[in-house]
Amino acid sequence: MGKMLAVLCILVLLAYCPVLCVFQKLYCSISDSCDCDFRPNIRDLEWDIYKNVFGQHLVQDIVSEEVVKFLQNKNPERPLVLSFHGSSGTGKTLVSSMLGTHLFGSAMSSPYVHQFVATLHFPVPHQVQQYRRELKSWVQGNLTECAHSIFIFDEMEKMPPGLVDVLEPFLGPSHIVFCTNYRKAVYVFISTTGEEVINTVAVENRQSGREREAITLGDLEDAIALAVYNNNTSGFFQSSIIQQKLITHFVPFLPLSRGHVERCVRSQLCQRGHCQRSDVVEAVGRDVIFHPVQGQYFSTTGCKAVSAKIDLFL
């Protein structure tokens, strides 16, 4: 009789969400498991971005500020949604990995850091409806398990259009299901779409003799959003996520000058124990291709090929 009564009580709790939430909060107050490995270290995140992301003053300011503001709010109105844009090798993937590294105790190996690559996870465009069902189920299930999850979507320029729109309900201000606050999650989209807009502004700024740091988010954000929305090969093509203004910020990654590339080389050399090899720094700098033809201001590959070039000259 006692066992039957206990089972009945459990069933009643499961059927009545407000009561379940009370018990869930009580359980979390005496257990670390509800934190789902969430151990944010904002100071280390800010230092890592400042020290190891070269030539990106906008990224340093926006990402640090938005993450701090988001985490300080115990009841955010909506998730933090950042869309990274810029040429290859400018630091987009690096910064996304820094978020996972400094927000979770297990860093990027945490089961609550979810990474999707368009050509790997969604390679067949005509299967978009199947992908939508699978992605919605995956996100919903993982948010139920850990409200602080991070979702990173790479190669958005190759993502089938319409696929990520299935995330729209999760990105808005009112999506709370089964006692789970979906508004505590972080979403990062990574794309080269919009690089033409960013690079044009950077070149014009350089030609006018202005300091690189004079470029502001206001000079670029609306233009990036428009370019992404109107690009029919972009995963955000005519996206309802953009229409509903659910992206916190479009974050521009500026093209890198020779000085920035050489800082990348020097940093990697020091990691290998060869800090004094200035000859390698100069050799890699000379071997990098720069654009435009008139001016040779910015690297066409950023820091992406630096590691291979170091192997060549070391």
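1. Basis of the note. The structure is a predicted model, in which local features need pLDDT of at least 70 and side-chain atom pairs count only at pLDDT 80 or more, while totals for chains, interfaces and linings use all residues. Residues are numbered from 1 along each chain as its sequence is written, and side-chain values use heavy atoms, with hydrogens and water left out.

2. The sheet. An open sheet is formed by 5 strands in the order β2-β3-β6-β1-β7, with parallel pairing. Strands here are DSSP runs of E with at least two residues, helices are runs of H or I with at least four residues, and both are numbered from the N terminus. Two strands count as paired if DSSP finds at least two bridges between them. The edges are taken by β2 (113-117) and β7 (249-253); each has a single partner strand, so one side of each lacks a neighbour in the sheet. On average, neighbouring strands of this sheet are turned by 15° against each other, direction ignored. Axes are lines fitted to C-alpha atoms, for helices over the stretch in contact, and angles run from 0 to 180 degrees between N-to-C directions.

3. Strand β6 and its partners. Strand β1 (residues 80-86) runs parallel to β6 (residues 186-191) and is joined to it by 6 bridges. Among these partners, V81 is bridged to Y187 of β6, and L82 to V188. The parallel pairing of β3 with β6 extends over 4 bridges, and the bridge partner of F151 in β6 is Y187.

4. Burial of β6. Of the 6 residues of β6, 6 are buried, where buried means under 20% relative accessible area, exposed over 50%, and partly exposed in between (1.4 Å probe, protein chains only). V186, V188 and I190 point one way from the strand, Y187, F189 and S191 point the other way, and all are buried. Helix α5 (residues 92-103) lies across β1, β2, β3, β6 and β7, and runs at about 160° to β6.

5. The disulfide C36-C146. The whole structure contains 3 disulfides, a disulfide being a pair of cysteine sulfur atoms within 2.5 Å. In the pair C36 and C146, the sulfur atoms are 2.0 Å apart. Distant parts of the chain are linked by this pair: C36 lies in the loop between α2 (17-29) and α3, C146 in the loop between α7 (128-145) and β3 (150-154), and they are 110 residues apart. The torsion about the S-S bond of C36 and C146 is about 55°, so this disulfide is right-handed. Both C36 and C146 are buried.

6. The disulfide C264-C303. C264 and C303 are joined by a disulfide with an S to S distance of 1.8 Å. The pair links distant parts of the chain, 39 residues apart, with C264 in helix α12 and C303 in the loop between β9 and α14. For C264 and C303 the torsion about the S-S bond is about 75°, so the disulfide is right-handed. C264 has a relative accessible area of 8% and is therefore buried; C303, at 14%, is buried as well.

7. The disulfide C270-C275. C270 is joined to C275 by a disulfide, S to S 2.2 Å. C270 counts as partly exposed because its relative accessibility is 33%, and C275 counts as partly exposed because its value is 38%.

8. Helix α12. The 14 residues of α12 reach 20 Å from the first C-alpha to the last, close to the 20 Å expected at 1.5 Å a residue; the expected span is 1.5 Å times one less than the number of residues. Its buried residues are H260, V261, E262, C264, V265, S267 and L269. The buried residues of α12 pack against α3 (42-52), α13, β9 (298-299) and α14, contact meaning heavy atoms within 4.5 Å. Just after α12, G273 has a positive phi of about 85°.

9. Helix α14. In α14 (residues 306-313), V306, K309 and I310 are buried. They cover an arc of only 105° around the axis, which puts them on the same side of α14; the arc is that of the directions from the helix axis to the C-beta atoms. The face turned away from this buried side carries the exposed residues A308 and L312. The buried residues of α14 pack against α12 (258-271) and α13 (278-287).
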